[in-house]
Amino acid sequence: MAKTKAPRRTLDSYSVKHINRTVKPGDCVLMRPSDTGKPSYVARIERIEADSRGANVKVHVRWYYRPEESIGGRRQFHGSKEVFLSDHHDVQSADTIEGKCTVHSFKSYTKLDAVGNDDFFCRFEYNSATGAFNPDRVAVYCKCEMPYNPDDLMVQCEGCSDWFHPACIEMTPEEAKRLDHFFCESCSSESQKKLQNSHNASRISDTKVDTKRRRR
Ligand SMILES: [Zn+2]
Ligand SMILES: [Zn+2]
């Protein structure tokens, strides 16, 4: 007798018993990797479906890739909690869900007071076939012209507002943290010139500047 495929139905939400959490489409989840030595997979649930009895629950997911899973590998500017929204879709058993997580925008991630285990951020979409990123350009900072890695301490120049890695301006992170004011090399030579030009002025305006700031 020919086996007929039982009709499957779409669920609005599903209670994952073993983690005692309810998941629904749009949620981000951690999923058990096939290779146990690997970190959990990060995915966004697109659809949840079950058989007519409500059993055999499957989740349709769109994978987030970690930098080391991308063709280009992890780069220096990639944050430890960075993931890329890929074009790679999959269907997985709901049993492989290990927990819920949050994938923040880059901006909201940099504003978090504390980064928890379940916090990630995404600033790139990733084409899993070509290895291309969207956007393919991002703002770069410092003398090294690197995109910003939110894990790194950076100091801001009060002249040009660019941000610098302590190492790139020959400082230790501790020295950078103690800085009250910072002018980069080109801005300090600029202000030297200005000082010389205006040395007859009765007083040089005493600009109030923020003390050192971190980008998060
Ligand atoms: Zn740098
Ligand atoms: Zn500067």
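Student: How many bridges join β6 to β7, and in which sense do the strands run?
Tutor: This is a predicted model, in which local features need pLDDT of at least 70, side-chain atom pairs count only at pLDDT 80 or more, and totals for chains, interfaces and linings use all residues. Residues are numbered from 1 along each chain as its sequence is written, while chains are lettered from A and ligands numbered from 1 in the order in which they are written. Strands (E, at least two residues) and helices (H or I, at least four) are DSSP runs, numbered from the N terminus, and two strands pair if DSSP finds at least two bridges between them. β6 and β7 run antiparallel, and the bridges joining them number 7.

Student: Which residue of β7 is the bridge partner of valine 59?
Tutor: β6 covers 58-65 and β7 covers 82-93. The partner of valine 59 in β7 is glutamine 92.

Student: In which sense does β7 pair with β9, parallel or antiparallel?
Tutor: β9 spans residues 119-126. Glutamate 82 has phenylalanine 121 of β9 as its bridge partner. The two strands share 4 bridges, and the sense is parallel.

Student: Is glutamate 69 buried or exposed?
Tutor: Glutamate 69 sits in the loop between β6 and β7. A residue is buried if 20 or more other C-beta atoms lie within 10 Å of its own, exposed if 12 or fewer, and partly exposed in between, with C-beta atoms placed from the backbone. Because glutamate 69 has 20 other C-beta atoms within 10 Å, the class is buried.

Student: What distance separates the C-alpha atoms of glutamate 69 and serine 128?
Tutor: The two residues are 59 residues apart along the chain. Their C-alpha atoms are separated by 9.5 Å.

Student: Which residues of β4 are buried on each side?
Tutor: β4 runs over residues 28-31, and both faces are covered. One side holds Cys28 and Leu30; the other holds Val29 and Met31.

Student: Which residue in β5 is the bridge partner of cysteine 28?
Tutor: β4 and β5 (residues 41-50) run antiparallel, joined by 4 bridges. In β5, cysteine 28 is partnered by arginine 44.

Student: Which residue in β8 is the bridge partner of leucine 30?
Tutor: β4 also pairs with β8 (residues 97-105), antiparallel, over 4 bridges. The β8 partner of leucine 30 is glycine 99.

Student: Which residues does glycine 99 touch, leaving out residues up to four places away in sequence?
Tutor: Glycine 99 is partly exposed because 15 other C-beta atoms lie within 10 Å. Contact requires C-beta atoms, placed from the backbone, within 7 Å. On that basis glycine 99 touches Ile19, Val29, Leu30 and Asp118.

Student: Where does the cis peptide bond involving proline 135 lie, and what is omega?
Tutor: Proline 135 belongs to the loop between β10 (133-134) and β11 (140-141). Most peptide bonds are trans. The cis bond joins asparagine 134 and proline 135, with omega about 0 degrees.

Student: What is the phi of cysteine 142?
Tutor: Cysteine 142 is in the loop between β11 and β12 (146-147). Cysteine 142 counts as buried because there are 21 C-beta neighbours inside 10 Å. Most residues other than glycine have a negative phi. Cysteine 142 has a positive phi of about 70 degrees.

Student: Is serine 161 buried or exposed?
Tutor: Serine 161 lies in the loop between β13 (155-156) and β14 (163-164). Serine 161 has a positive phi of about 70 degrees. With 10 other C-beta atoms within 10 Å, serine 161 is exposed.

Conventions. Contact = placed C-beta atoms within 7 Å.
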